[in-house]
Amino acid sequence: MLVPGIWSLTATAQISAPPIQWQNTIGGSYIDELYDVIQTTDGGYLLGGKSYFGASADKTEPGYGRYDYWVVKLDASGAVTWERSYGGDLDDQLNKVLQTPDGGYLLAGYSYSGNTGNKTTTAYGDADYWLVKLDNLGDIEWQQSYGGKGADWLTSLASTADSGFILGGTSGSGISGIKTEPASGQTDYWVIKTDSKGVLQWQNTIGGNRRDYLFAIEQTTDDGYIIGGQSWSPVSGDKTEAKIGGTDFWVVKLDSAGSIVWENTIGSNQTEAPKSIHQTPDEGYIIGGYSNSAGLKDKTEDCKGETDYWVIKLSAGGIIEWDRTIGGSHVEYLNDVALTNDGGYIIGGESLSGISGDKNEPSRGGYDYWVVKINSTGTIIWQKTLGGSGFYDILHAIRQCSDGGYILAGFSDSGLTGDKTEAGQGAADYWVVKLEPLACSGWTVYVDADNDGYGDPDNNFFSPDCILPPGYITDGTDCNDADPDIHPMVFDICYNNIDENCDGLIDENCICAAPVNLSIVSVTPASALLSWSAAANAISYKVQFKQKKTDTWTTIKVEGTNTVEVTGLDASTEYAWQVKSRCVKNPDVLSDWSKKNFFITGALKESLVTPFSLEIYPNPASGNTTLHFNLPDASRITLQIFDVNGKQVQTVIDKTLAAGDHAFQINTATLSQGIYFVRMTTMDGTMNQKLIVE
């Protein structure tokens, strides 16, 4: 049913995006990064993020440590009414804010600080969840810390129906501090339920045997909870579904007491990371994140560039109803998705692409804000690129406002250029942008008989008052309105002689290409983890390996991923390996073999050690990030950072360390924004992990 005064549309021919109503650049003379925004009951806005050092420019309070929580209150026109800093002697990062029923505010993030500055709570370990309750003027009413002896990062917060709060984040702690459950893996989801004063009521540690990072949580209409995050874990611990790619979306539904009702591992062949999840009016769920994978397994579309927005709609039981890959030819990271009053969604994040793929506006500088409005089936309605000439304009939060417009919150290093109308205050500033409500001047609507979001071009009429009758949409580009699997947004299925995507071409781009970029992830005396770039149209791969200078190949079939571990190898031996793609099965359509690659297994020790691991959190990173690893034996360790051209930019450590857990913090503010690789070398081998600096 269409609510009076609220309109909805689906469009391939996109409409114009709403213009900027106002904007404000707010900061001190150093680094200020804005992560969340809410509209407040007085029609204004509350901004929450972190700030480096003390009073300068728009900042009136001294710094307590390095990074502090920094909260800014705006009126309805975007003018600052007050701002406050909260923190201890080290780093404190504010990730989420919400307004409480008494008109005050709740701040949620994590703290590395002790009981210093205006932080009065206990420090349990390396980093703790830190919850701060403010009155309506920003004065602290109470605060709570939650943690174990390791690092615990609070990333999400929501109100609950009983006037309490649900907290979700990631924990690297076992039983210690206030943590009452053992760790399942290297890092786990950690969910905490509190009362209205932050007093803990229950907690649940949820994870597999590797790394699991929680990014989003909210209460559902049945008084349970939905949580979403990123998982490296196979079937183990609480995970009952196999790992699909390098990392996957992992969605978990909890009941009101925090027990698991169902869980779903969603992914393709490479890296997926969800950043936002919400329950929808049909009691299903919308998930927004990013992916650099091909259209395999749960992903129905190939990437448009290196990394794209990935939006997924789930049913109430967690079954995928549809998914959309949205991006340009370069890099896009989706950071937030929100429901809109027309039954669709607004998504936002950062884009490095110019006009290409789904992007119809040029880049302003480096990374830009990229806002995309989609309808209830994921079709793009309009989009808007905003930024200056600096390297990064990073949009972290987007909300629809009470007037139907949108509030955008992130940070920028741009000066008075492009869409920015104010000069920068420091190295990075809060940048908040208000978009006007979008007016409607009528459109042509088309019958959508097969309910696929695309209408019959020969069955339409003009609706001058923007009324959308049931069964009609505003897109008229369906070439077969009797088949929901045929419309412009699907990919042609190769070799079936059908034009699925309505572009007038049959079976285009049906080339089975050999994989490229073969690389060795890690090697032990008896095994090797191998990887390659996904090939277009590939549905599976064949991998062959053999000892160099021999003639006997061993063949492995690989499905749903572009990595494989080969085992049973001889120590101190050189091996050759190659890969080919399978694009069609029965009859097989195969590529040629890739160019050969080579690796040498490690030397055999008296007893094989457990392979070491390297994790980076948070990643993507801005400011401080932590490199964590476990050594089964004492070893000489070298940790180095390289740029994408292979140039070494930093050596973190180069020394002998004892067996056990180790963590080293680095400040990525010294690095330009972009992609880096952290290389860890021990006596047992080498491991590389990608680091994304925002």
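Biologist: Leaving aside its neighbours within four places in sequence, which residues is glutamine 648 in contact with?

Modeller: Happy to start there, and please keep in mind that this is a predicted model. Glutamine 648 sits in strand β43, which covers residues 648-657. With close sequence neighbours set aside, the contacts of glutamine 648 are Gln640, Ile641 and Phe642.

Biologist: Is glutamine 648 buried, exposed or partly exposed, and what is its relative accessibility?

Modeller: Buried residues fall under 20% relative accessible area and exposed ones are over 50%, with partly exposed in between. Glutamine 648 therefore counts as partly exposed, at a relative accessibility of 40%.

Biologist: How far apart in space are glutamine 648 and phenylalanine 677?

Modeller: In sequence, 29 residues separate glutamine 648 and phenylalanine 677. In space, going from C-alpha to C-alpha, the separation of the two is 9.4 Å.

Biologist: Let's move to the cysteines. Which cysteine forms a disulfide with cysteine 479?

Modeller: The structure holds 2 disulfides. In the one with cysteine 479, the sulfur atoms are 2.1 Å apart, within the 2.5 Å cut-off for a disulfide. The two residues are 23 apart, both in the loop between β31 (472-473) and β32 (516-523). The partner of cysteine 479 is cysteine 502.

Biologist: Is the disulfide of cysteine 479 and cysteine 502 left-handed or right-handed?

Modeller: The answer comes from the torsion about the S-S bond, which is about -75° for this pair. That value is why the disulfide of cysteine 479 and cysteine 502 is described as left-handed.

Biologist: And cysteine 512 with cysteine 583: how many residues apart in sequence are the parts that this pair ties together?

Modeller: Cysteine 512 and cysteine 583 form a disulfide with their sulfur atoms 2.1 Å apart. The torsion about that S-S bond is about 90°, so this disulfide is right-handed. Cysteine 512 lies in the loop between β31 and β32, while cysteine 583 belongs to strand β37 (residues 574-584), so the parts tied together are apart in sequence by 71 residues.

Biologist: For cysteine 303, which is in no disulfide, how far away is the nearest cysteine sulfur?

Modeller: The nearest cysteine sulfur to cysteine 303 is that of cysteine 583. A disulfide needs sulfur atoms within 2.5 Å. For cysteine 303, the distance to that nearest sulfur is 17 Å.

Biologist: What is phi of lysine 297 near?

Modeller: Most residues other than glycine have a negative phi. Lysine 297, in the loop between β19 (285-291) and β20 (308-314), has a positive value instead. At 57% relative accessibility, lysine 297 counts as exposed. Its phi is near 55°.

Biologist: Which residues does lysine 297 touch, not counting those up to four places away in sequence?

Modeller: Contact here means heavy atoms within 4.5 Å. With residues up to four places away left out, lysine 297 touches Ile244, Gly267, Ser268 and Gly560.

Biologist: Where is aspartate 223, a residue with a positive phi although it is not a glycine?

Modeller: Phi of aspartate 223 is about 70°. With a relative accessible area of 39%, aspartate 223 is partly exposed. Its place is the loop between β14 (212-219) and β15 (225-231).

Biologist: Stepping back, what radius of gyration does the protein have?

Modeller: The protein comes to 0 helices and 46 strands, and 58% of its 694 residues count as buried. Its C-alpha trace spans about 75 × 70 × 50 Å along the principal axes. A compact globule of 694 residues would have a radius of gyration near 26 Å, and the protein agrees with that, having 26 Å.

Notes
Residues are numbered from 1 along each chain as its sequence is written. This is a predicted model: local features need pLDDT of at least 70, side-chain atom pairs count only at pLDDT 80 or more; totals for chains, interfaces and linings use all residues. Side-chain values use heavy atoms; hydrogens and water are left out. Helices (H or I, at least four residues) and strands (E, at least two) are DSSP runs, numbered from the N terminus. The radius of gyration is taken over C-alpha atoms; the globule rule is 2.2 Å times the number of residues to the power 0.38. Buried means under 20% relative accessible area, exposed over 50%, partly exposed in between (1.4 Å probe, protein chains only).
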